[in-house]
There are 2 protein chains.
Amino acid sequence: MTKIAIIGFGVVGSGVAEVFYKNRQSIEKKAGRELDIKYIVDVRSLEGTVWADKAGTYEQALADPEVGVMIETIGGLTPAYDFSKRALLAGKHVITSNKELVAAHGAELLGIAKENNVNYLFEASVGGGIPIIHPLYQCLGAGEVEEIAGILNGTTNFIMTRMFRDKMSFEQALGLAQDNGYAERNPAADVEGTDACRKICILASIAFGSHVYPDNIHTEGIAALTAEDVAAAASAGYVIKLIGRAKKTEKGLMVMVSPALISQESQLANVSDVFNGILVRSSDTGDVVFYGRGAGKLPTAAAVISDLVDAMKEGGHIDSLGWEDSGRSNVADWRDDVTRMMFRTSGLGRTEIQRIFGTVEPIQGAAQEERAFLTEPVSGRQTEEWIRLAKAAGAEVRSAIRVLEY
Amino acid sequence: MTKIAIIGFGVVGSGVAEVFYKNRQSIEKKAGRELDIKYIVDVRSLEGTVWADKAGTYEQALADPEVGVMIETIGGLTPAYDFSKRALLAGKHVITSNKELVAAHGAELLGIAKENNVNYLFEASVGGGIPIIHPLYQCLGAGEVEEIAGILNGTTNFIMTRMFRDKMSFEQALGLAQDNGYAERNPAADVEGTDACRKICILASIAFGSHVYPDNIHTEGIAALTAEDVAAAASAGYVIKLIGRAKKTEKGLMVMVSPALISQESQLANVSDVFNGILVRSSDTGDVVFYGRGAGKLPTAAAVISDLVDAMKEGGHIDSLGWEDSGRSNVADWRDDVTRMMFRTSGLGRTEIQRIFGTVEPIQGAAQEERAFLTEPVSGRQTEEWIRLAKAAGAEVRSAIRVLEY
């Protein structure tokens, strides 16, 4: 019998307890041993709840040799980092949904797990109930992953779906997301791309074997997107999505989060509302896409439980999950990234556009004084230069959005 | 060092050798041991090829204690069944892409593998390079799978994509598939649904733990589909796909292969050309969809290699993959399956339609003398009765196609 401690009993933590007891028999069968939850640790009192008899402290759980697994569902860095580190050092498996902590300290915590022959697992940190972490380090066993791109944040995808389908403005769509409980009253982490950035950093670290730090990554949010951008993209056969992406290049790992035009034919274009979709590209397998509910109590809890089963089945450390620390030198300069661009400008005639932007493909249907067009592939550096030139010519550059091929 | 024998050196077998030597270093790292291919067995001579020095016989490979893994890429039942069984009995792992064999004898071969503490693995048998077998038995660790539905055959999906997008007839689209090398000159196994049936049987056996035999499964192919069916479905907001599906019901496992209307909004609707998409529904996780290239030399070979890594990492038998034999009593009568239906009829007025089919939702835009409509949910049994009644009233029933909600 292995005992479990759940540290942090909010939405995800309570979901884990619920899913565990609902499926306990099948979980124990898959795990190959008897399991029970012995401690539930939370800053709020559990008195008067069905969980009251399991209430305990972190220090109790840490000191208890019966506890083989800690499930960290606190979120944030403090005290989750300290709690996780000490549990691993004490030879306990740690399973988490905490993307902020994995993105900030994953290499270190995985290293400590390895030294202590236990596991630090975090399937729930990316893509909710979609199995993506595990397939990345386990199922795609042959060739090297070349590129990963995903719609990784359900809140922003909900907002953009409303802008695209229902012609809402950004503000209207954000309001609806807040009314539905998808967006926080302070939606900054979603809207500014921070959440998507943490997730693509975790996926990139696994796929490429070297820790990618979020504060090293060029991240653009969706707050500047307008209904006019969406309309121009649609005229050209595209939707706009917030994409986190990572690929190997000669100059290092190119990792970025930004809104991007995606062909309406793409498997990612059809990922709507709060769903997530993650594309993994490798030379042998081609493109594989994983799609599902990217958040929510039960999907996230189910992902935690799948890690629990894995840790129990494996017993010791799973060697295939882990990456080196990188010293932050592993990431390429985002200005070297080359993509096509969509521009919306006013105050420029056809000749001036050609002079500044080279050969372009005009998009029909823009407002009278505006010109929207797609460029040839261009670096971020060159894009900045084009914008400077356009402004110097007295023009307004209303938007500049990347075009991605997935 | 573990030695490998490849038995059957056609498209997949030679792909495995190619992918192995291209990625050998990374494969050995993931597998945690040195690996090499010692024997290649084929009815054709390897003389004059780069593989000539590895040419051998099955009996040599079987008798060689250095050989720890046999990769069976012969296809069909004979001699693959005998070869696989004897290899497992001799304590060698067997890895295969042979869906016909797994669907016919999976329970027995998995049982023998277990008794001999080795593995019988077949990630490549369904969905080509898409990791689907492994996630089904490993990554979706918490709740029970309730339902699986998939576009499992790339050839028929290519044909239907051409019928839908390019308004080709079935015959034109089949011809194009043959010209592109996607369809055999004798396309029966694809077109009649046999291939999709084997694949859904394998997925159902894993998910529900009891062997589902293909010859027990109601299977409808796509040869009767017409451009008019596709047009009527499109008018109502649907596409038509060949769907293999399996779910738990009170009367047993409901497993079926048939063309079906799928909402254009569905994640499966957008699976085009030779791609596959597989939806796994469970109460906790919701719907998860796996998408990718469902066939082809390198994707299939990559799936074989991922099994190779798994078998080597695990060493002994992987207990979570396996199912009971069922005595064929596990499958429900397909006539008890309840879905909405789309009918196209001629010779019936509105009143007669209502009398026979109950409340229906008319589809606009059919030819003059024809009426197309969607019914309420109805059993297969009742559908047969409706068709009998319509014919008795002197009408022609041009098509009757299920409507599925995914």
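In chain A of this predicted model, A:I7 stands opposite A:V41 of β2(A). Strand β1 of chain A (residues 2-7) runs parallel to β2(A), and six bridges join the two. Strands are DSSP runs of E of at least two residues, helices are runs of H or I of at least four, and both are numbered from the N terminus. Two strands count as paired if DSSP finds at least two bridges between them. Strands of a sheet pair through backbone hydrogen bonds, either parallel or antiparallel. The sheet in chain A is open and has five strands, in the order β2-β1-β3-β4-β5, with parallel pairing. Its edge strands are β2 (35-41) and β5 (120-121) of chain A, each of which pairs on one side only.

Residues are numbered from 1 along each chain as its sequence is written, and chains are lettered from A in the order in which they are written. Local features need pLDDT of at least 70, side-chain atom pairs count only at pLDDT 80 or more, totals for chains, interfaces and linings use all residues, and side-chain values use heavy atoms, with hydrogens and water left out.

Strand pairing also links the two chains. Strand β11 of chain A (residues 286-293) and β11(B) pair in the antiparallel sense over four bridges. The bridge partner of A:F290 in β11(B) is B:F290.

A rotation of 180° with 0.0 Å of shift along its axis superposes chain B on chain A, at an RMSD of 0.0 Å. In chain B, the C-alpha nearest the axis belongs to B:F290, at 2.5 Å. The same surface serves both copies: 100% of the contact residues of chain B recur in chain A.

In the interface, 43 residues of chain B are in contact (heavy atoms within 4.5 Å) with 43 residues of chain A. The buried area is about 3700 Å², with 48% from carbon and sulfur atoms. This is the accessible area (1.4 Å probe) that the two parts lose on being put together, summed over both. Four salt bridges are counted between chain B and chain A. The criterion is a side-chain nitrogen of Lys or Arg within 4 Å of a carboxyl oxygen of Asp or Glu. A:E265 forms a salt bridge with B:R165, with the closest N and O atoms 3.4 Å apart.

Conventions:
Least-squares fit on C-alpha atoms with pLDDT ≥ 70 in both.
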